[in-house]
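Welcome, and thanks for taking a look at this structure. Please have the sequence and the 3D view side by side as you read.

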Amino acid sequence: MYSDLNQRLKADVRLEEGLQACMNCGICTAICPAAEFYEYDPRSIAITVQSGNEEKIAALLEGDTIWYCGQCMSCKTRCPRNNCPGLIISVLRKLSQETGAFIKSRMGRQQYLIVKTIGANILRFGYCVHPNSLVPATHPEQGPVWRWIYENMHEVYAAVDANLDGDGPGAMRKISPTDLDELHQIFEVSGGLKLYQTIEYFSQLKAVEMGLTDTNGKADMEKYTQYLLNE
Amino acid sequence: MEPKTKIRWSEYNKKIADDKFFYLRSCIRQNFNPGAEKVFLSILQNNLRKEVYDDPHHTTCSGIGYHSDIVPFETFQTMVARQFSLMTERGYKNCAVSCITSFGGYNEVLSTWKEFPEELEKTRENLLKATGRTFEIPENLSHACDIIYHFRKEIAAQARYRLINKETGEPLKIVDHIGCHYAKIFPEKGVGGSEYSRVLTGMIEAWGGEAVDYPERRHCCGFGFRHYLIKNNRSYSISNSRKKFESMQPYHPDMILTNCPGCNMFLDRWQYALAQIEGKVYGGKNGIPVLSHEELAGLVLGYDPWKDIGLQMHQIDVEPFLNKIGVEYHPKQKFTGVKGQYINEPAFTGCLARKD
Ligand code: SF4
Ligand code: SF4
Ligand code: SF4
């Protein structure tokens, strides 16, 4: 079903940086915070990628495992061979998205939610997070002080001299349309938009496969989002 | 192959520029602690008489998107190149970076360009094609905490307060939490490397406090990018922070000092969330205050905790810490607006609602 997975992994310069003769010592797993809380073992990821076994690599791309890494890069510091399983993970995740394998796992499918939040914020606001997007109802962990900030947003930011949605410099200033346009162009030229679209495309296929469709039989992405949020 | 002299990380100092900085803000810090960035600029300009440029045209570096895998490396490199292009356009050569995720990302990109010149060429082409821009590589890239560390003695000389309990005369006990991407990816880019980080403890000691070591000092706060961003996975984030709080609790810290905007927010909010879930408060009167390097520097220099530093935006009250070092402040001004008028207040602050 997939072809040339090894070659495609190796085409990413980050693999050259992240994996050189892993000796299977397991230090990365010992230090890894994700290994502590999930069924996750960075050592075996490094070994599998090193083995070049296409079948096993395909299984990684389709499974939950690669999505457990928290990208803290603690493994990089400790590996005696200067490998970085966290970076190997980035390369695997990219390929999982490009091949559509990510929609086969619960953790992988969540990428759609990230495109729709962080991905959208980057191009809409020029910030990866914006106070408007931090709705207290979906962020109960933010607590009563954040709720107070959210409900009195302009006054609170102005009181600390931030420039929320304003012109000119300062914290949370409005990013001008010209600057936002440059970001769009960068995403267009360098493959950023294509990756968003790829994630959306495969997510739509999954929605249809699951019967989450509108009256015309087309993917209903609102339903799909709700499904992901509760999956 | 082995270097002749091994680096002694515990004494390792990186090169930090002295002046003329191009400031790169952090999305997370601007959202949650905008006052910290304001006070950083003011300390540089007004206390240390340095030149620092705050360019309205710079944007997100897209690093959070990169580490949650929706932004490809090629795009991330081009986004970073655009920030460098703005720096070049303004005639600067030194970057002062507010965010730890960005700092790690910029270093990753710079190291990639060094190892793989073809990636640099591709990035130059991408940026030119997309925006018509060109750029130079910065001569120095420092995180904001590096710069505060660099000038810690000058700050100490101007300090209005010291990190000493004004009642007992004892130094305050402070634990630090270093953001993972500060030095775990490139230890040589951090003061003291990653294992013996000195960047925050150096400040604590210079300003009179006691830096307290604790077993999980180097453990991640648990952000985990996709793990916090997706509600279903947030238990990962809170579990990692919990592990840290459990580890520091026996040392009774008066404060937690951070350099990462994400960590600063998480270590503040998760104390509240854990108290709500488990009923447990890890220290202090109603939680352990959490401050970043800029916020602490601002306090010791005598900046106003509310108007200048914006500490009212923290969930955990900072007042117990202010009282210990004797900071003068107006309790009633905490929840006031631009013109000093009262603007309503949070349902409660700290970990648990007070019963009185
Ligand atoms: S620490 Fe390094 S060498 Fe050891 S198992 Fe992990 S990646 Fe391989
Ligand atoms: S980057 Fe990923 S694999 Fe490495 S220590 Fe962190 S969570 Fe584990
Ligand atoms: S400790 Fe957490 S927020 Fe800070 S750099 Fe690491 S993952 Fe990011």
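What follows is a short tour of the domains, sheets, helices and ligand surroundings. Keep in mind that this is a predicted model. Chain A is assigned three domains, while chain B is assigned domain 1 and domain 2.

**Domains**

- In chain A, the assignment gives domain 1 as residues 5–101, domain 2 as 110–127 together with 175–231, and domain 3 as 134–174.
- The centres of domain 1 and domain 3 of chain A, taken over C-alpha atoms, are separated by 38 Å.
- In chain B, domain 1 covers residues 12–144 and domain 2 covers 152–333.
- Between the C-alpha centres of domain 1 and domain 2 of chain B there are 24 Å. Their contact draws 35 residues from domain 1 of chain B and 38 residues from domain 2 of chain B.

**The sheet E2-E1-E3-E4 of chain B**

- Look for an open sheet of four strands in chain B, ordered E2-E1-E3-E4 and paired in parallel.
- Its edges are taken by strand E2 (52–54) and strand E4 (140–143) of chain B; each has a single partner strand, so one side of each lacks a neighbour in the sheet.
- From one strand to the next, the twist of this sheet averages 30 degrees.
- Strand E1 (residues 21–24) and strand E3 (residues 94–97) of chain B run parallel and are joined by four bridges. Here B:Phe22 sits opposite B:Cys95 of E3(B).
- Helix H4 (residues 73–89) of chain B packs on this sheet and touches E1, E3 and E4 of chain B, with its direction at about 145 degrees to that of E1(B).
- H5(B) also lies across E1, E3 and E4 of chain B, and it runs at about 155 degrees to E4(B).

**Two packed helices in chain B**

- Helix H5 (residues 100–115) and helix H6 (residues 117–131) of chain B pack with their axes 4 Å apart, at an angle of about 115 degrees. Angles of 65 to 115 degrees count as roughly perpendicular, and that is why H5(B) is described as roughly perpendicular to H6(B).
- H5(B) brings B:Thr112, B:Trp113, B:Lys114 and B:Glu115 to the contact, and H6(B) brings B:Pro117, B:Glu119, B:Leu120 and B:Thr123.
- Sorted by class, this contact has three nonpolar, two polar and three charged residues.

**The sheet E6-E5-E7-E8 of chain B**

- Another open sheet of chain B is formed by four strands in the order E6-E5-E7-E8, again with parallel pairing.
- Strand E6 (210–211) and strand E8 (290–292) of chain B are at the edges with a single partner strand each, so one side of each is without a neighbour in the sheet.
- Two bridges connect strand E5 (residues 173–177) of chain B to E6(B), and these strands run parallel. B:Lys173 is placed opposite B:Glu210 of E6(B).
- Helix H13 (residues 261–278) of chain B packs on this sheet, where it touches E5, strand E7 (255–258) and E8 of chain B; its direction is at about 170 degrees to that of E8(B).

**Around the ligands**

- The residues around ligand 1 include A:Cys22, A:Cys25, A:Cys28, A:Arg43 and A:Cys79. By class, this shell has eight nonpolar, three polar and one charged residues.
- Ligand 2 is surrounded by 13 residues, the closest being A:Cys32, A:Cys69, A:Cys72, A:Met73 and A:Cys75.
- Helix H4 (33–37) and helix H7 (74–78) of chain A each provide at least two residues of the shell around ligand 2. That shell divides into nine nonpolar, four polar and no charged residues.

Terms used:
Residues numbered from 1 in each chain as written. Chains lettered and ligands numbered in written order. Predicted model: local features only at pLDDT ≥ 70, side-chain atom pairs only at ≥ 80, totals over all residues. Heavy atoms only, no water. Axes fitted to C-alpha atoms, helices over the stretch in contact; angles between N-to-C directions. Parallel < 35°, antiparallel > 145°, perpendicular 65-115°, else oblique. Contact = heavy atoms within 4.5 Å. Nonpolar A, V, L, I, M, F, W, Y, C, P; charged D, E, K, R; others polar. Pairing = 2+ DSSP bridges. Near = heavy atom within 4 Å. Domains from an automatic or database assignment.
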